[in-house]
Amino acid sequence: MTAHVLPPAPAVQRPRVLVVGAAFAAAASFTVFIGLIGIYLAARVDVVGSGTAWLPEGATIPLQQPNTMFITLIMSVFTMQWAVAAIAKNDRVNSYLAMGLTLMLGIATIVMTTYLWYLMELDIASGIQGVLIYTITGAHIVMLVLAMIFVALMGLRALGGQFTARQHDGITAAAVFWYAMVAVYALIWISIYVTK
Amino acid sequence: MALTDTRPETGTDASAVAPSVVPSPLTIFGTGDHKAVGTFYVLAALVFGIAGWVAAALSLGHEVGSNSFLSGSTAMQLGQTSNLGLILLVIVPLFLGLGTYIVPLQVGASTVAFPRAAAAAMWTWLLSSGVFIVASFIDGGFGGSREKSVSLTLMALGGLIVALLLGTVCVLTTAVTLRTPGMTLDRVPMFSFSMLVGGAIWLLTLPVLLANLLLIWVDHRYNGGTTFGAGAIQFDQVLWIAYEPQIYAFLIPGLGIVADVIATLTGARLGQRNILLLAIGAFGVLSVGAWAQPAIYPSASDDLVWQAMGLLMLLPTLLFFGGVAKAFKDGKPSLKSPLGLAVVSLLLTLLAVLAGALLAITPLELRVSGFFAAGQYVLAIAAALAAAAAGIGYWGPKMTGGHSADGLGKLNVLVLLGGGALGGLSLCVLGFSNRFTGLEGAHDSLVIVSSIGCALLALGGALALLGLLSGARKGAPEAAADAWGTGQTLEWACPSPPPTGNFGDLAIVRSPEPLLDEEV
């Protein structure tokens, strides 16, 4: 008896609507921080140029917490990519695990940021420095929370069986936004925490 | 269907008659239909436009004589509100509304990408705009004395920028991902291409405005307004969006409308299409102005890059002008009002760009008084309004299913030309007053002329609105699928107004003018 083997199905030609939309949203979010950090750097050049220290007396920005956050977020890039790679192989268990870990690392970053705010002893009403630093880092936390909601939403949709190896744009889109959020943190890390 | 879902690309029999739906609050507020969302944008923006130009006329009127009918603070807040409002409540949403309606039709899609998000963006914009207007009126404009009202204004502005960005993402994603087979990027109709360029520039610059507002709000709310939130400098930090080169970013979709209208109403293919695409792209690149913020970078206008951008802008504008002029030569212009409005928009755009080039020439010292820049702003916004009016007249039959009264449109050609020229040029002339002392004596007269120009532009907005409504009235001549009989692009292949799903099966697109190919 001869077995009849059907040829493999042709590749699906589908528009990657959600991925492209997320990329546009990520670009817009990134631009908000480009604007904020541009204003921050211009203000810092003005203050330092006038011969005074940038940070007000008594305020300090330790580097240990920002470094820890950066490492945490870099790890989250790997876990997020793990989630994308796993769903692309229909390995749902690993995908759930990776998205869960990504969310945990996001929560850890929020906790560390609030701890850093406490350590900085920088009053928001202390002047231009307080306004700029809290606005930028606060806005980044907002972006992080949005990225976490995006990942969680896609995780729930994955649990509902919506994503497969052939169609997992939702998780890829969440990953795109997540990477943009980490890239924003890299900007903040270098311009606010390292070069102060 | 979740907000992040996209409706599947299912074909619909275009000849099928849509079942009659009794309008209910649910169908109005819950619709994800891109046609309804686009129409709401256009109608609301036109109403805001009428109010905005009236406010601009009133605040200019305050400059005349010594016995003003407005207090100094009220006039200043009114002027600033109209300045920002005409961009964020009128021009951007007008183009975004047309984009939400027309871009899916032009690229052969059954819907806009993320229809629920597009609807959410429109309602958020509308709500935020209402809050912005109300808060501005209760002494909450920039530098207003009611702190809570100022906070409300700032939050409303932030909300409406986020909404406009979300709407832009929907339109851009549609143009990038939902194009029908065969429609490569160089075959995309001019309006869709210009929305792609303009939307991308908005996406790269309006978030910077959001960043400015965020800093103003945080400082105003938590720091007592000592730095960014200080009343006297709040508006200065956001003024860059109304100033060269950023002001050009709000003209880009207008170029696409002008090209589409001229191609259809002259019945000629756009011969130099690639040059036009290049011109629109270059116009976009030269309009990125988020970096030139006078409040943050006081010497921005002395920067060589800023001056070069102002002068170089002439090149893509003239290139575009030449490209569409060729269509007039190759075709047979049909004397319909959208064509007249497109020409008015083109002329006003050229004047705005010429004014911008003069503004960039430092020895002329036109940046000293601020009048010249204000005149350029009026010219640019009037050009955008004329383009939007041309688009509304041109796609009106598609939107309403009926032909609008062309007489209203023809009257609007004169009104918008007169309004733009009087409103903008008189202020530009006043900008020379530091060089020609005789002009100082004509200050009041020139400001009155400009004020009349602004009032005419308000009338122009009203005429555009009436024109659109006249197409929807009972007894209006019914519009065919190809309402002008010379349509070239896919929106003219579906019924007027389009049914749910827009199209049946579409043939593979083989040129930028698929409807002309079909006729061959």
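A:Phe177 touches A:Ala22, A:Ala25, A:Ala26, A:Ala147 and A:Phe150, leaving aside residues up to four places away in sequence; here two residues are in contact if their C-beta atoms, placed from the backbone, lie within 7 Å. This is a predicted model, in which local features need pLDDT of at least 70 and side-chain atom pairs count only at pLDDT 80 or more, while totals for chains, interfaces and linings use all residues. Residues are numbered from 1 along each chain as its sequence is written, and chains are lettered from A and ligands numbered from 1 in the order in which they are written.

A:Phe177 is also among the residues with the most contacts inside the largest nonpolar core, together with B:Ile91, B:Val258, B:Ala386 and B:Leu416. This core has 240 residues. A nonpolar core is a set of buried Ala, Val, Leu, Ile, Met, Phe, Trp, Tyr and Cys residues joined through C-beta atoms within 7 Å. A residue is buried if 20 or more other C-beta atoms lie within 10 Å of its own, exposed if 12 or fewer, and partly exposed in between, with C-beta atoms placed from the backbone. The largest share of the core, 22 residues, comes from helix H13 (residues 371-400) of chain B. Helices (H or I, at least four residues) and strands (E, at least two) are DSSP runs, numbered from the N terminus.

Turning to the fold of each chain, chain A contains 5 helices and 0 strands. Its radius of gyration is 21 Å, whereas a compact globule of 196 residues would have a value near 16 Å; the radius is taken over C-alpha atoms, and the globule rule is 2.2 Å times the number of residues to the power 0.38. The C-alpha trace of chain A spans about 90 × 25 × 20 Å along its principal axes. Of the 196 residues of chain A, 38% count as buried.

Chain B has 16 helices and 0 strands. Its radius of gyration is 22 Å, close to the 24 Å that the globule rule gives for 520 residues, so chain B is as compact as a globular protein of that length. Its C-alpha atoms fill a box of roughly 65 × 50 × 45 Å along the principal axes, and buried residues make up 57% of the 520 residues.

Where the chains meet, 26 residues of chain A are in contact with 30 residues of chain B. Helix H1 (17-49) and helix H4 (128-159) of chain A are the elements that give two or more residues to the side of chain A that touches chain B. The largest share of that side, 14 residues, comes from H1(A). Its residues divide into 18 nonpolar, 7 polar and 1 charged, where Ala, Val, Leu, Ile, Met, Phe, Trp, Tyr, Cys and Pro count as nonpolar, Asp, Glu, Lys and Arg as charged, and the others, Gly among them, as polar. The predictor gives the complex an ipTM of 0.91 and a pTM of 0.92.

Within chain A, helix H3 (residues 92-120) has 29 residues and reaches 42 Å from its first C-alpha to its last, close to the 42 Å expected at 1.5 Å a residue; the expected span is 1.5 Å times one less than the number of residues. Buried residues of H3(A) include A:Ser95, A:Met99 and A:Leu105. The buried residues of this helix pack against helix H2 (64-88), H4 and helix H5 (169-194) of chain A. Just after H3(A), A:Glu121 takes a positive phi of about 50°. A:Asn90, in the loop between H2 and H3 of chain A, has a positive phi near 65° and is exposed, with 12 other C-beta atoms within 10 Å.

B:Phe114 lies in the loop between helix H3 (72-106) and helix H4 (115-140) of chain B; its phi is near 50°, and B:Phe114 is buried, with 27 other C-beta atoms within 10 Å. A cis peptide bond joins B:Glu244 and B:Pro245, with omega about 0°, and another cis bond joins B:Ser496 and B:Pro497, with omega about -10°. Most residues other than glycine have a negative phi, and most peptide bonds are trans.

The mean pLDDT of chain B is 90, and 94% of its residues reach 70 or more; pLDDT is the predictor's confidence in each residue, from 0 to 100. Over residues 6-21 of chain B the pLDDT is below 50. Where pLDDT is low, the predicted coordinates should not be read in detail.
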